[in-house]
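Student: Hi! I'm new to this one, could you walk me through it?
Tutor: Gladly, let's have a look together.

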Amino acid sequence: ELMGVIFFGHNLTERKEKKHDAHQLKSYFDYNAPIFAVDPSGVIIVWNDKSAEVSGYSKEEALGQVLVKVYIPEAFRESFQRMLDNALRGKATTNFEFPFF
C-alpha cells in the first residue's frame, strides 16, 4: 500500500509500520536539507525544520496542505504534478528542479 513520497527520490510504497522503519524514516528528516513528504493525494505529511526555514512556512502551517496547490508556483504546477504522479507510480525522476517557497 502506497504511503507517500519523500521529496529527494525515495518512494515510501514498500514501507511497513515497523519500529526500525520509523527510525530510518526519522533519520531522513533530520538532514540539514529541506525534506518533505506527501501522501498519495499530494497532502503534506512530513515537513522538516529545514523546509520551514527555507520556505518560511512552519510545520504547523504546511502539514495537511496540498503541496502542488499551495507551495508550487503556478508556472511549475503542471510539470511538478506530472513528476509527482510518476513518483507515485514508482517511476523515478532525477534532477527535477523547482522553486520552493
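This is a predicted model: local features need pLDDT of at least 70, side-chain atom pairs count only at pLDDT 80 or more; totals for chains, interfaces and linings use all residues.

Student: Which residue forms a salt bridge with Arg 82?
Tutor: Glu 78 does, and the closest N and O atoms of the pair are 3.5 Å apart. The term asks for a side-chain nitrogen of Lys or Arg within 4 Å of a carboxyl oxygen of Asp or Glu. Glu 78 is exposed, with a relative accessible area of 61%.

Student: How are Glu 78 and Arg 82 placed along helix H5?
Tutor: They sit 4 residues apart in H5, so about one helical turn separates them. Helices here are DSSP runs (H or I, at least four residues), strands are runs of E with at least two, and both are numbered from the N terminus. In general, an α-helix has 3.6 residues a turn, so residues three or four places apart point the same way.

Student: How many salt bridges does the count come to?
Tutor: The count is 2.

Student: Is Lys 50 buried or exposed? And Glu 53, buried or exposed?
Tutor: Lys 50 is buried, with a relative accessible area of 19%, whereas Glu 53 is exposed at 59%.

Student: New topic: which residues have the most contacts inside the largest nonpolar core?
Tutor: Those are Ile 44, Trp 47, Leu 67, Tyr 71 and Phe 80, in a core of 13 residues. A nonpolar core is a set of buried Ala, Val, Leu, Ile, Met, Phe, Trp, Tyr and Cys residues joined through side-chain atoms within 4.5 Å. At least two core residues come from each of strand E3 (36–38), strand E4 (44–47), helix H4 (67–71) and helix H5 (74–88). H5 gives the largest share, with 4 residues.

Student: How many aromatic pairs does the structure hold?
Tutor: There are 3. In one of them, the ring centres of Phe 36 and Trp 47 are 5.7 Å apart and the planes lie at 40°, so the pair is tilted. Phe 36 is in strand E3 and Trp 47 in strand E4, so this pair links distant parts of the chain, 11 residues apart. Phe 36 is buried at 3% relative accessibility, and Trp 47 is buried at 1%.

Student: What else pairs up, say with Tyr 57?
Tutor: Tyr 57 pairs edge-to-face with Tyr 71, at 4.9 Å centre to centre and 75° between the planes. Tyr 57 lies in the loop between H2 and helix H3 (59–62) while Tyr 71 is in helix H4, so the pair ties together parts that are 14 residues apart in sequence. Tyr 57 is partly exposed at 33%, but Tyr 71 is buried at 3%.

Student: What are the rules for pairing, then?
Tutor: Rings of Phe, Tyr and Trp (its six-membered ring) pair if their centres lie within 6.5 Å, with planes under 30 degrees apart counting as stacked, over 60 as edge-to-face and the rest as tilted. Ring pairs join Phe 36, Trp 47, Tyr 57 and Tyr 71 into a cluster.

Student: Back to H5: where does it bend?
Tutor: H5 bends by about 25° at Phe 80, where the bend is the angle between axes fitted to the seven residues ending there and the seven starting there. Phe 80 is also one of the buried residues of H5, along with others including Met 83 and Leu 84.

Student: And what comes just after H5?
Tutor: Gly 90, which takes a positive phi of about 90°.

Note on methods
Residues are numbered from 1 along each chain as its sequence is written. Side-chain values use heavy atoms; hydrogens and water are left out. Buried means under 20% relative accessible area, exposed over 50%, partly exposed in between (1.4 Å probe, protein chains only).
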